[in-house]
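Here is a short report on one protein chain. Look over the sequence and the 3D view before reading on.

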Amino acid sequence: MRDISPWTSPYMADELKSITTGRSTDWQDLMYKNSSITDHNISVYGGTQGGSTFSLGGGYYNETTVLPGQDFTRYSLRATIDTRIGKRIKIGLNTLNTLGLTKVLKMR
């Protein structure tokens, strides 16, 4: 790449020694790592017969990337409450809250 780039400085002594001995650096091996995804959820629900119902759930999601410093984590909480008033009216409340955290590697 150096031979075809607009880089105008000559090769350094260490670079010339590496070229003549055939030694090189596998940058992908140095930078990349194994990645994984973790996703956990739990829910509880219940209610009364013909009346009110509820549900409550929580979740955890974590994703690591192949490049260091770009991981993502999310926490979530969900709640639902429904109640019947008479035969024709049903009132409910739903909420979904999430907190997402992204880790980005800062270059100096």
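## Elements

The protein chain holds 2 helices and 4 strands. Both terms refer to DSSP runs, numbered from the N terminus: helices are H or I with at least four residues, strands are E with at least two. Starting at the N terminus, the order is α-α-β-β-β-β.

This is a predicted model, where local features need pLDDT of at least 70, side-chain atom pairs count only at pLDDT 80 or more, and totals for chains, interfaces and linings use all residues. Residues are numbered from 1 along each chain as its sequence is written, and side-chain values use heavy atoms, leaving out hydrogens and water.

## Overall shape

The C-alpha trace of the protein chain spans about 85 × 25 × 20 Å along its principal axes. Its radius of gyration is 28 Å, while a compact globule of 108 residues would have one near 13 Å. The radius is taken over C-alpha atoms, and the globule rule is 2.2 Å times the number of residues to the power 0.38.

Of the 108 residues, 12% are buried. Buried means under 20% relative accessible area, exposed over 50%, and partly exposed in between (1.4 Å probe, protein chains only).

## Aromatic pairs

The structure has 2 aromatic pairs. One of them joins Tyr60 and Tyr75: the rings are tilted, 5.5 Å centre to centre, with 45° between the planes. Tyr60 lies in strand E2 (residues 53-64) and Tyr75 in strand E3 (residues 72-85), so the pair links distant parts of the chain, 15 residues apart. Rings of Phe, Tyr and Trp (its six-membered ring) pair if their centres lie within 6.5 Å; planes under 30 degrees apart count as stacked, over 60 as edge-to-face and the rest as tilted.

Tyr60 is partly exposed, at 29% relative accessible area. Tyr75 is also partly exposed, at 40%.
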